[in-house]
Amino acid sequence: MESKSGLEQYLDNVCGEVKAKKMHAEIRSELSGHLEDLMLEQESLGASQAEAEVLAIAQMGDPKAVGKDLHHIHKPKTPWGLLGALLLFSVIGLLGMSSLEASFMNNPRVPASFLPKQFSFMLIGIALMTACYFINFRRLQKLSWLLYIFSIAGIIASLKWGLYVNGSRTYFLVFGGIVLNLVSYSPYIVLVALAGIFSKFKADGKLGTKRNLLPELVVLLGPAAAYIIAGPIPVLLLYLACSLILYTWLSGAWLRSTLIGGFFLAAGLRYAWNNQQMRDRILGAINYNINPESSGFVYQTLNEVIASAGWSGHGFGAEFERLSYAYSDMLPAYLVYCFGWGGGLVLLGITLWFLIKLFSSIQAVKDDYGKSVIIALSLILAMGLFYGLLVLSGKIILTSIPFPFMSYGGHVLIEYAALGLLMGIYRRKDITPAEHESRTIRGAL
């Protein structure tokens, strides 16, 4: 067996300290380049090749010390900021459910079961988040088409087999006693699938080219067509906004995306204006005095509720009968009603902190596919949070979009899972090969 050279032994000793084995090849390549440069420098000063190798190794420093520095760089990173914000959202959500149950104690007609059910949803959500956190996200890219087909199939299944409530079909499907709304959850799955599909197109040099226009439009607009058939306009708008931004970022085809977005915007405005009920809802949100007894009533009431809260609010367990769905769509309004404008500012601060940490993670991840998934999930979570805060203004159309992580319902399952996947990608940013490797190695030397 051939004995290893001093240079090879040095590299072995360095890599022996780095537990991220996937980085060993790039570490060896980068360090070899530095050692060769140092050897050439010594040889130019008159040293022999053997002497130059010894001097270069000595100049690089103790291999164990270099290896430990690189191990510190290339180890899993936990996004504590995101995790902390999630914990605060969860605590506030449970606090809201507790306050609602306390307010219902004097009303036997209302079942006070929000808190235990929401706590159960959160426990299951944490389990899903943990599982997604440890998934090797790169393996998901191979499943992109399967996820895409599964999402559209779920929408179709909801149309065909959704539960009937009060004689009308809903989007809820029952799986072993668990009720899931696959239509509402599907944008998360579709966007992860699109991140994988478009990243593959980009890697192959096809994305945004004229010859690939038709496949890209079919992939992009397929889910939109399914949502149009299914009928949930808020989900459609959420999907279009997130998917077009993701597509534009990956392809650079901003003109194409603008034309698609403009077409849907024009078609949507025409539909809304020709639909009496929709038109009244828009006018009610703009100015509730136009139809104060009908479409403007809920917006007028919302404004009065927020105004009546003051800085200190009405206290824990305050009754909140003036607006429906205080446990879901109106939870932010109920929290302000109970804990005042000061409580609303706290919620705003936590939301802004979460969004800052969310989008800073995009800059930290260098893997193209990983970055695409983070952008997709960040967009949909950010839009849900942004909409939830805008509801407090009383100037935006009320829809069925819940406040992420807090509002009552099974939607927290997919939100926890999405955040888990996002944090898992961030966790691996320094333990898988990436474009920034040479920079991190130089920083360790």
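K200 is partly exposed, with 44% relative accessible area; the term covers values between buried, under 20%, and exposed, over 50%, for a 1.4 Å probe and protein chains only. The model is predicted, so local features need pLDDT of at least 70 and side-chain atom pairs count only at pLDDT 80 or more, while totals for chains, interfaces and linings use all residues. Residues are numbered from 1 along each chain as its sequence is written, and side-chain values use heavy atoms, with hydrogens and water left out.

The side chain of K200 forms a salt bridge with that of D204, at 2.7 Å from N to O. A salt bridge here is a side-chain nitrogen of Lys or Arg within 4 Å of a carboxyl oxygen of Asp or Glu. D204 is also partly exposed, at 39%. Side chains of opposite charge can pair when their charged atoms come close.

The whole structure holds three salt bridges. Another of them joins D367 and R138, at 2.6 Å from N to O. D367 belongs to the loop between α15 (331-364) and α16 (368-390) and R138 to helix α7 (residues 137-141), so this pair ties together parts that are 229 residues apart in sequence. Helices are DSSP runs (H or I, at least four residues), numbered from the N terminus. D367 counts as buried because its relative accessibility is 16%, whereas R138, at 31%, is partly exposed.

E216 and R256 also meet in a salt bridge, at 3.0 Å from N to O. This pair links helix α10 (residues 213-230) with helix α12 (residues 254-274), 40 residues apart. E216 is buried, at 1% relative accessibility, and R256 is buried at 17%.

Attention now turns to nonpolar residues. The largest nonpolar core has 111 residues; such a core is a set of buried Ala, Val, Leu, Ile, Met, Phe, Trp, Tyr and Cys residues joined through side-chain atoms within 4.5 Å. F354 is among the residues with the most contacts inside this core. Leaving aside residues up to four places away in sequence, F354 touches L82, A85, F89, L385, F405 and L419, where contact means heavy atoms within 4.5 Å.

Key. Helices (H or I, at least four residues) and strands (E, at least two) are DSSP runs, numbered from the N terminus.
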